[in-house]
Every structure is written in structure tokens, then in C-alpha cells.
Amino acid sequence: MDYVFTEQVGYLLRRAYQRHLAIFQSNAAIENLTAVQFSTLCALDDGVSRSQAELVKATGVDQATIRGIVERLKARGLIALSKDPDDGRKVIITITKEGRDALRSMTPCAIKASEDTLGPLNPAERLALLHTLRKIADIGQG
């Protein structure tokens with residue numbers, strides 16, 4: 001049995017994700033706001049402040065990466081950090097007005113990036129792909 005790495009699921013998912021990230025960046029209304037930073041702002045936009053551990057769960061981004069994202073978003077004034085009043089060791093992350101403004105200007109860009117990523121697919125293929133990806137990612141199952 002031949003193993004052709006370019007036909008393997010991991011390779012194809014990585015290439016599809018790289019393509020999506022490139023499309024996202026080319027559509028971005030805000031320079032240097034990455035797709036994962038945008039996702040982090042989305043996770044904070046529900047009116048609930050979160051700890052880093054809660055952000056990890058909400059975004060699917062690992063702890064080490066989320067730490068860097070939080071630092072960059074804070075440096076840009078898009079989020080604010082504060083101490084948890086119940087646990088002084090815990091840092092609480094909240095989206096700022098500037099972060100909400102950035103989110104609002106980027107949302108149409110993100111929608112277009114998703115549309116452009118799915119562009120080569122017909123409506124049935126789009127539905128099947130999204131269903132299959134949710135199943136593989138174990139999101140919304142049960």
C-alpha cells in the first residue's frame with residue numbers, strides 16, 4: 001500500500017486552512033488582525049468576560065497561542081485585562097469598545113472570506129463539507 005501524503009486528511013485540511021487564512025487576510029478591513037484574533041474577539045463579544053482558560057475552550061486555540069493573542073489584542077486596545085474579584089490569581093479578559101468596533105468592521109470581511117473559501121463548491125457540497133467538518137471536530141454532536 002502506497003502512502004501519498006498529499007492525499008491524506010491532515011495534509012488536505014492544513015492546505016484548505018492555509019488557503020482560508022490567506023483569503024481572510026486579503027479581505028481584512030483592519031491591517032494585521034488575524035483570523036484567530038478575530039475569532040478571539042468574537043468569543044468575547046457575547047457580553048461575558050472570560051479567563052484565558054475559558055477563551056481556550058471557546059476558541060479551540062491552545063493555551064500558549066491564546067496567551068500571545070491576548071497580549072497582541074491588549075496592546076492594540078481591543079481587549080482589557082482585570083483581576084477576578086473572587087480569585088486574585090485569575091485574569092479576566094473583556095472586549096473594549098475599540099474591540100467591538102473592530103469586530104463590526106471585520107465581520108463583513110469574515111463573511112466574504114468564508115464565501116470565497118467555499119467558492120469552488122456548489123450548495124450541496126458546502127452543506128456536506130460544513131456538516132462533515134463539524135462531525136470530525138466533534139462540534140454540535142449529541
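Biologist: Which residues of helix 2 meet helix 5?

Modeller: Phe38, Leu41, Cys42 and Leu44 in helix 2 meet Gly99, Arg100, Leu103, Met106, Thr107 and Ala110 in helix 5, where contact means heavy atoms within 4.5 Å. Those residues divide into seven nonpolar, two polar and one charged. Mind that this is a predicted model, where local features need pLDDT of at least 70, side-chain atom pairs count only at pLDDT 80 or more, and totals for chains, interfaces and linings use all residues. Residues are numbered from 1 along each chain as its sequence is written, and side-chain values use heavy atoms, with hydrogens and water left out.

Biologist: Why are helix 2 and helix 5 called oblique to each other?

Modeller: They pack at an angle of about 120°. Angles under 35 degrees count as roughly parallel, over 145 as roughly antiparallel, 65 to 115 as roughly perpendicular and the rest as oblique, so helix 2 and helix 5 are oblique. Their axes are 10 Å apart.

Biologist: What makes Asn27 buried or exposed?

Modeller: Buried means under 20% relative accessible area, exposed over 50%, partly exposed in between (1.4 Å probe, protein chains only). Asn27 has 17%, so Asn27 is buried. Leaving aside neighbours within four places in sequence, Asn27 is in contact with Cys109, Lys112, Ala113 and Asp116.

Biologist: And why does Asn32 count as buried or exposed?

Modeller: Asn32 has 53% relative accessibility, so Asn32 counts as exposed.

Biologist: What is the phi of Asn32?

Modeller: Positive, about 65°, although Asn32 is not a glycine. Most residues other than glycine have a negative phi.

Note on methods. Axes fitted to C-alpha atoms, helices over the stretch in contact; angles between N-to-C directions. Helix = DSSP H or I, 4+ residues; strand = E, 2+ residues; numbered from the N terminus. Nonpolar A, V, L, I, M, F, W, Y, C, P; charged D, E, K, R; others polar.
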